[in-house]
Amino acid sequence: MQDPLLKLDNVTKVFLTDEVETHALAGIHLEITKGEYVAIAGPSGCGKSTLLSILGLLDTPTEGTYLLNGRLVQGLTPADRARIRNREIGFIFQSFNLIGDLTVYENVELPLTYRGMAAAERKTRVEESLEKVGMGHRAKHVPSQLSGGQQQRVAVARALAGSPAVLLADEPTGNLDSKNGDAVMDLLQSLHRTGSTIIMVTHDTRFARHADRTVHLFDGQVVEESAAPKS
């Protein structure tokens, strides 16, 4: 049995505001292996996005341990965390987070420039990623010239271009109509079939069914894990 790509052990997250303690996560144990597609589901406020932020090194646990690719995340410097995010984690956000005055091509290329990657390799990666999501013909457009579904495809291409170890998707269909939402889910499923490891936060049970298994959160705790029915 292969070692987990991501492993959380007894992870707790407490937010302190005005002397009030909010327990966002409590005693989370979670293992995700390479090539798996996992949905994190649950009602609003149950801790889904907090969990994804910890997995993506955007936040740190109050207690517990997190191993990414066999490496203990605690104690890393902010610079180390930023480098790992840039090289090993691809983010797909509900709000797309594209830069409005950059072209589609430049949006996808930008994270690669932070690596000091040679221009020729950047070009190859950007073009391949845009073709993979069906947006190669829109490379010179800016985000305002695209539909919401097209913008999300560009966001997926940006995440893919860095060849990340894991793709983290936070409600990737949240700002899309049902047709575009289904198209983005089909895209994620095809990426999974080619070997991508995907962790997706969703409150929509229809979309959770696309995953290999679903981790159900309630009040910051894992209350159930369910495997997808075999087709």
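Predicted model: local features only at pLDDT ≥ 70, side-chain atom pairs only at ≥ 80, totals over all residues.
Four elements, α2 (78-88), β6 (89-92), α3 (104-113) and α5 (148-161), each contribute at least two residues to the lining of the largest pocket.

**The largest pocket**

- A total of 22 residues line the largest pocket.
- If you want to find its centre on screen, look for Arg85, Asn86, Phe91, Pro111 and Arg158, which are the lining residues nearest to that point.
- Among the contributing elements, α2 gives the most to this lining, with 5 residues.
- Sorted by class, the lining of the largest pocket is made up of 12 nonpolar, 5 polar and 5 charged residues.

**The second largest pocket**

- Two or more lining residues come from each of α4 (119-132) and α5.
- The largest share of this lining belongs to α4, which supplies 4 residues.
- By class, the lining of the second largest pocket has 6 nonpolar, 6 polar and 4 charged residues.

**An element to follow in both**

- Helix α5 supplies at least two residues to the lining of the largest pocket, and α5 also gives two or more to the lining of the second largest pocket.

Conventions: Residues numbered from 1 in each chain as written. Heavy atoms only, no water. 1 Å grid on protein atoms, 1.4 Å probe; cavity = no way out; pocket = protein on both sides within 12 Å on 5 of 7 lines; lining within 4 Å. Nonpolar A, V, L, I, M, F, W, Y, C, P; charged D, E, K, R; others polar.
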